Every structure is written in C-alpha cells, then in structure tokens.
Amino acid sequence: MNQSQTPILVSVMGPTASGKTDLAEALARELDAQLINADAFQVYRGLDIGTAKPSAPARYKLLDIKDPTENFGVGEFVELASVALAEAFEAKRNAILVGGTGLYIRALTEGYAEMRPPPDPELRRMLMEREASVGLEVLAQQLIQTGPELAARTDLRNPARVRRALERVLDPRPPLKVELPNFRQKKLALNPKVEIINARIDLRIRFMVQNGWVDEVRRLVGEGIPREAPGLRAIGYRGLYDHVRGVSSLEAALQAIGLETRQYAKRQRTWLRSEPNLTELMSGQTTEHALTEAMRYIAL
C-alpha cells in the first residue's frame, strides 16, 4: 500500500460550539470515512440534547455505549477506539476522530505511556464499600502507605480521586500500550474568536432548552438516575436536575450553565495551545470554508 492508498486518520478538535461536528461530518462525506466519537459524555445513552449529540448516530462509533450510571474514562476509550480504528484500517477506510475531550484524542494519537486499563469493577466496588464502612480518612491513609508519591499528587479530601488513586496502586495489570494502525495522521482544530464562541454558546443553550433539554433531564430523574451518576457530570445536567427537583429556578440553572460552558471552552482553548502536531484552521466561520481549507491541508 503506497502513501496515496494508506488510509487517513483525521482528528478534528476545537472548543465547544466551534463547529467541529459539522466539519467532521463534512470531511467524512468527502473522504468516505468512519466517524469515531471522542466526547466523554456522548458515550452515554439518554444524554442527547445537553451533550449536543450528532443527529445521525448510526454514522459514528462509540456513541450511546454506556448507561449514565456507568463509569467511562480515557483507558476504556483508547481500548474501544483502537478496535474501531483497526477495523477501519483493515477495510482500507479513512477515519475521522471528533470530540471536545482533548485528553482522549491526545492519549490515542500521541501514544501515551503509563495509561491505565479500564477500572476493575470488583476492585472499585470493594473500595466503595470500604469507604462506606470505615470512612474516607482510612482510605486516604491506605493510599499514603501504599503509594506515597501518588498520594502527594492526590486531593485526599476528594473521595473519587482517592479511590481512583488506590485503584492504580492496587491493580496489578500493566499500563495500556497504544499501537494504532499505520494511518497517515492529520490533526486539525477549529478555534473561532472568544466572542464568537460565547455568542454561539448562548444560542445553543437556548436551542437545547427549546428542544426539550429540561424534559430530557426530567425523564432521567423519573428513571431513577441519581444526581451523582457519572454521566450527569456533563455540563448542565446536575443544574437542571436540581431545577426539576424544585431546588433551583430554571433561570438560575441556565445562568450557571452558560458560565460553566464558557469556562470549559476556555480550558479547551488552553489545551489546544499545547496539543502536539496540531494545525489550526483559519477559515472557521463556515463549514464550507473550513472544509475547503481542511481538504487542502489533508492533501499535503
């Protein structure tokens, strides 16, 4: 297989509301490529409106693969995405990786060392039961004794972080090794000006509410999904959960969601500044212009 025949893997990155999904789908049509989700919360079933899930999920891998009560992290993402990419490469098909979780894309494409496999569910259950019976302080002391270097980097007042750190110490499985097929890789980013992103964020939140976001959360509450479920860490869901339960007004919830989303977009922009091998597209105002520039770069 010469270079012109070697499948391409294009990673499409950018802050929330930058237009990366539209660009990725346009690229997929041009390149006849498999779309692979790299958003930490679009993996959850039933979280559709608030996560801005694509309207044609059948075109994607790694959408709707978890219940909101299940954990999902970078190790499991890398394992599943590696399988999807291997299948695409075997079929001599291009692939498009798209999502706002920069850690997922970097871990997959830059060959992270020391990446942990998905948590052992039995070990996690045992640690949660032990925390409930003896308290967080005992678990923190166990971490200090068994993994002092890791304990020094861990917030010992945060139960979830203490448990995750203990999982790393107590899980004997070796780190994951990322070995992707020999794609020709390109990594692109849409990064419009801050004022453009902020305006789009406000519009999108209003659009989500008009299209039933509150009813979506009301359904999750009715299904008995607890407020602290891993999936409900997605921006806005816990705020709307409180509104549905009568704890806060809709106006207060939406103001908090807007602020949190803008802060998240700022963190994403900071992440992109340190992303290896990234090309930032300049023509980000419309999908058509971005597609033209992206295809010109991919052809190089």
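Helix α10 (residues 237-244) and α11 have axes that come within 9 Å and cross at roughly 175°. That angle makes α10 roughly antiparallel to α11. The model is predicted.

**α10 with α11**
- On the α10 side, the contact uses Gly239, Leu240 and His243.
- These meet Leu250, Ala253, Leu254 and Ile257 of α11.
- By class, the residues of this contact divide into five nonpolar, two polar and no charged.

**α8 with α11**
- Helix α11 (residues 250-273) also packs with helix α8 (residues 194-210).
- The angle here is about 140°, and the axes lie 10 Å apart.
- This makes α8 oblique to α11, because only angles over 145 degrees count as roughly antiparallel.
- The crossing of α8 and α11 is right-handed.
- From α8, the contact takes in Val194, Ile197, Asn198, Ile201, Asp202, Ile205 and Val209.
- Eight nonpolar, three polar and three charged residues make up the contact of α8 with α11.

**α4 with α5**
- Helix α4 (residues 121-134) and helix α5 (residues 136-146) have axes that come within 7 Å.
- They cross at roughly 125°, which makes α4 oblique to α5.
- Leu127, Arg130, Glu131 and Val134 form the α4 side of the contact.
- Leu136, Val138, Leu139 and Gln142 form the α5 side.
- By class, the contact of α4 with α5 has five nonpolar, one polar and two charged residues.

**Glu131 in α4**
- Glu131 lies in helix α4.
- Its relative accessible area is 18%, so Glu131 counts as buried, the cut-off being under 20%.
- Beyond its neighbours within four places in sequence, Glu131 is in contact with Leu136, Leu139, Pro159 and Arg163.
- Leu136 and Leu139 also belong to the α5 side of the α4 contact.
- Glu131 and Arg45 are 86 residues apart along the chain, and their C-alpha atoms are separated by 29 Å.

**Helix α2 and its surroundings**
- Helix α2 (residues 74-90) has 17 residues.
- From first C-alpha to last, α2 reaches 24 Å, close to the 24 Å expected at 1.5 Å a residue.
- The buried residues of α2 include Gly75, Glu76, Phe77 and Val78.
- Ala81, Ser82, Ala84, Leu85 and Ala88 of α2 are buried as well.
- An α-helix has 3.6 residues a turn, so residues three or four places apart point the same way.
- The strands that the buried residues of α2 pack against include β1 (8-13), β2 (34-37), β3 (60-61) and β4 (95-98).
- Helix α3 (102-109) is another partner of these buried residues.
- Just after α2, Lys92 takes a positive phi of about 55°.

**The loop between β3 and α2**
- Asp64 lies in the loop between β3 and α2.
- Asp64 has a positive phi of about 55° although it is not a glycine.
- Most residues other than glycine have a negative phi.
- With a relative accessible area of 28%, Asp64 is partly exposed.
- Gly73 is found in the loop between β3 and α2 too.
- Gly73 counts as partly exposed, at 26% relative accessibility.
- Gly73 and Tyr104 are 31 residues apart in sequence, and 8.5 Å apart in space, C-alpha to C-alpha.

**Exposed loop residues**
- Asn277 sits in the loop between α11 and β6 (279-281).
- Its phi is positive, about 60°, although Asn277 is not a glycine.
- Asn277 is exposed, with a relative accessible area of 58%.
- Arg153 lies in the loop between α6 (148-152) and α7 (159-170).
- At a relative accessible area of 60%, Arg153 is exposed, because the cut-off for exposed is over 50%.
- Arg153 and Ala165 are twelve residues apart along the chain, and their C-alpha atoms are separated by 9.4 Å.

How values were computed. Residues are numbered from 1 along each chain as its sequence is written. This is a predicted model: local features need pLDDT of at least 70, side-chain atom pairs count only at pLDDT 80 or more; totals for chains, interfaces and linings use all residues. Side-chain values use heavy atoms; hydrogens and water are left out. Helices (H or I, at least four residues) and strands (E, at least two) are DSSP runs, numbered from the N terminus. The expected span of a helix is 1.5 Å times one less than its number of residues. Buried means under 20% relative accessible area, exposed over 50%, partly exposed in between (1.4 Å probe, protein chains only). Contact means heavy atoms within 4.5 Å. Axes are lines fitted to C-alpha atoms, for helices over the stretch in contact, and angles run from 0 to 180 degrees between N-to-C directions. Angles under 35 degrees count as roughly parallel, over 145 as roughly antiparallel, 65 to 115 as roughly perpendicular and the rest as oblique. A crossing is left-handed if the near helix is turned anticlockwise from the far one by less than a right angle, and right-handed if clockwise. Ala, Val, Leu, Ile, Met, Phe, Trp, Tyr, Cys and Pro count as nonpolar, Asp, Glu, Lys and Arg as charged, and the others, Gly among them, as polar.
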